[in-house]
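Hi there,

Here is the structure I promised to pass on to you. Have a look at it first, and then read my notes below.

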Amino acid sequence: MKDMTSPPAIITLEDVHKYYGDYHALRGITAEIKQGEFFSLLGPSGCGKTTLLRAIAGFEDISGGRILLDGTDMEGVGANRRPTNMVFQSYAIFPHLSVGENVGFGLRKAGMGKAEKTRLVGEALEMVGLGGYGARAAHALSGGQRQRVALARALILKPKVLLLDEPLSALDKKMREQMQSELRRLQRQVGITFILVTHDQEEALIMSDRIAVMFEGEIAQLAPPQDLYRRPASKRVGQFIGMMNFLPATVLSEAGGEVQVEVPGLGRAGLARAQCPGPAAPGAAEIGLRPESLTVLFDGQGAERVAPGTVEEVTYYGDMTYYDIRLDGAPNAVSVSMRNMPGRPVLERGHTANLAWDARAMVLFG
Amino acid sequence: MKGRGLHVYAVLYLVFLYAPIILLPVFAFNDGTIIAFPLQGFTFDWFRALATTPALHEATLNSLFIAVTTAVLATCLGLFAARAATRYSFPGKAPIVGFIMLPLVLPEIIVAISLLVIMLQLGLSLSLWTIIAGHTLICVPFSIAILQGSFANMDRSLEEAAVDLGETPLSTFRLVTLPLVMPGIIASLLICFTISLDEFIIAFFLSGNEPTLPVYLWGQLRFPARLPVIMALGTILVLLSVVLLITAEFFRRRGLRRAGLPDSGGFL
Amino acid sequence: MSQSSGLAKALRTDAGKGLILISPTAIFAMLLLAAPLGSIVLLSFWTQNFLTIDRTFTLANYHEALTDPLYRSLMWRSVRISLSVTLVTVLLAFPIAYFVSFHVRPSRKSLWLFLITIPFWTSYLIRVFLWRVILAYDGPVNGTLMSLGIIDEPLPWILYNANAVIITLAHAFAPFAILPIFVSLEKIDRSLLEASRDLGEDKIMTFFRVTLPLAVPGVLAAALIVMIPTIGDYVTPQLIGGSGGTMIANMIHAQIFALNDRPMGATLAVGGMIVIGSIAMTLVLLTRRWTRPR
């Protein structure tokens, strides 16, 4: 991950609102996207992430607030004049043009000579791994190839920001994984800001420097992937990113930066204030715990904090096994993930198990 | 097997459909003044007679002028409307588009007499232009139907991509939209031309002193002696329509191939 | 926010652009369709004496149209002929639409459709005239039947009457009927038929219980598409209808050109439109009821 301490903001969003008739699609988005970072807009469908991307690109007018690109207010600036370029979800490759003509499309207005254009197109195609494809007909390409053409076509214009609208959703799993690492490599190589829209949280975690999680037109949390995963700002964010177990808990006291909680099934624990995104007032609350934060103890293993339980369900994935374990005294089962190692048995339903748990991995909601 | 029976039926049905048309060349080349069997030898006389009839030439020129003008006008109006209908939503869209498409479901005689009545009321003299107006009215729905298909088949983000890459709406239309919609435009021109060329009722009601080809044909039908010549004329007209239609179909398929889309079978 | 005027902003919106774009065509349709239709409705309420039009509002024309047995029987005959044509055309069209949809390879389907529609694009006038030739007393049909020994004398009832009109119109409007039925048959998910077979039905019952009901919207669309233009047809009744096969369009023409009674012609046209409209509306409502989920 890059050091993000001092780069300037390339995009500033100030209280951006967007209405479609009565429907409030963007509700006061405020954020800064830094120069050179790989930024993702993540959320379920309908949350407004694509609307926001298109507003930055200039395809949607905003109803309120400001969008600043490199310090300049983009109000009234048409999409064709903004220093952004977009890779569309359908790639939008012009079927009546060749690959080379597609990539060089935006150079028409630059007024450069044919030789110069050909050189730049060749370079752009090399950069995306399609060297020599210039003469091919654009409508005969595969999905992955089209995406690369779309990338080359956008990057050849050296935009300040590259916008990507769910670029990988149309690809199959293998292709998607390959393109994820390609996009990251490309972004580092080119050095410009990428803004990616996706509904796939795994994808966002893999590729991004920072992620803005959006629900219903608002940013729920804006943070680097690790912070998002380990310290979700709300239960909803915790549920959306990865898997999380939720257990009812009671806040006993809050004093001097430490919050005492009682969790039926696990025990009593003291949490740091940083682990409590909410007010942490005494009373009923919920604890969030990732499956990998709980460990099944096998023969001969011990831990500082142990909780007994019974195995309810076993799901075997090959490299991992997920157990649903009902803790004694807890109202619901928790999901525990264990790496499968040689010599380590896979438990069966009905077995009893002892779980080791770490209070440092807990997040308190409410 | 049911399949066999249906196949036979289908072939018989096609024979039924084509039977009258096949008779055209048969009697156009027949050396006899009565349209009946048995055939009496081969001749080009009737075709030669076509070449020496000035009234026929005049009617043909009228028809061609009307057809070309109608095709261009109807396609232009159809372009505007088809684009508005596929790309934008606006208040009253369904009623407006529905109204423009209305001539498709009105019997032509209603269109013909209402145009006639208003022109007489307004004191307008009937001329080729009144026929062009009527033909354009009934061709626009066909043009819209064809062009709507073309626009719908075109990925919307193609135009957005062009704008994103720096083009203005006008240059986007020229560089991206027009080339991709061109097969539809050509098909529309050809179809409207064919419809106008063959159209009878509106031309019949609205023609002043300058008849179109079908109106001229109608006038000739009551002279039995002219029948074989009409057969010859009919042969040429049918051949022309078929050639135009095959051309339109060729362009339609080429358009689909260029856009890399599957064939869904026909204009309609 | 911006300083641009309210109108400029409105015109930049989706709705504004759409309205501007469609306005040339819409205005054209207004002038050439709305205004003329309006004028014949207006005309139907006036009367004409020789060459002058009397503009006093009157319902006399409608009264005459509704009470005079000539007009009533003519309208009724037009409806009857049109319904017969619709019935014959749709019945004949269904098997071929079914054939192309279910028994033709997908790559060949558009070829078949193309072949079926070619005759439609040739001159209607010529085709009607050809039927007159074919069905004539000394024409090919009679000639062939006589030489085959099936009949001794030429059939008198195949020309210059309503039957001839029905045959000719059925031929002319065949493609109109085939295409909508074909479209709705194509839309049927083939796995529905397989499911029916899987649940125990044989091929014939599958057709009646699954295919046919799902094809009904297409059949009704075909009926409408054939019925509406045929009621108002002029050329076919004029050329081959004789006296027993004339239809309402011929009378409208006669009123305007021969009898110099334009308002009456307009009245008959309006009356015809109302009749067509009601029948069409009934069919549409039928379609709605049929396709509504039970």
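Let me start in chain C, where helix 4 and helix 5 are roughly antiparallel to each other (an angle over 145 degrees; under 35 counts as roughly parallel, 65 to 115 as roughly perpendicular and the rest as oblique). Helices here are DSSP runs of H or I with at least four residues, strands are E runs of at least two, and both are numbered from the N terminus.

Before going on, please note that this is a predicted model, in which local features need pLDDT of at least 70, side-chain atom pairs count only at pLDDT 80 or more, and totals for chains, interfaces and linings use all residues. Residues are numbered from 1 along each chain as its sequence is written, chains are lettered from A and ligands numbered from 1 in the order in which they are written, and side-chain values use heavy atoms, with hydrogens and water left out.

Back to that pair: helix 4 (residues 69-102) of chain C and helix 5 (residues 106-117) of chain C pack at about 155 degrees, and their axes are 9 Å apart. The axes are lines fitted to C-alpha atoms, for helices over the stretch in contact, and angles run from 0 to 180 degrees between N-to-C directions. I96(C), F99(C), V100(C) and S101(C) of helix 4 of chain C touch K109(C), W112(C) and I116(C) of helix 5 of chain C (contact means heavy atoms within 4.5 Å).

A second pair in chain C is helix 9 (residues 174-186) and helix 11 (residues 203-231), whose axes come within 8 Å and cross at roughly 155 degrees. Helix 9 of chain C and helix 11 of chain C are therefore roughly antiparallel too. Among the residues that meet are F176(C) and P180(C) from helix 9 of chain C, and G218(C) and I225(C) from helix 11 of chain C.

Now for the cysteines. How many disulfides does the structure hold over all chains? There are zero, a disulfide being a pair of cysteine sulfur atoms within 2.5 Å. For C76(B), the nearest cysteine sulfur is that of C192(B), 11 Å away. The sulfur of C192(B) is 4.3 Å from the closest cysteine sulfur, in C139(B), which is too far for a bond. C192(B) is buried, at 0% relative accessible area, while C76(B) is partly exposed, at 39% (buried is under 20%, exposed over 50% and partly exposed in between, with a 1.4 Å probe and protein chains only).

Finally, chain A has eight helices and 20 strands, and 49% of its 366 residues are buried.

Enjoy exploring!
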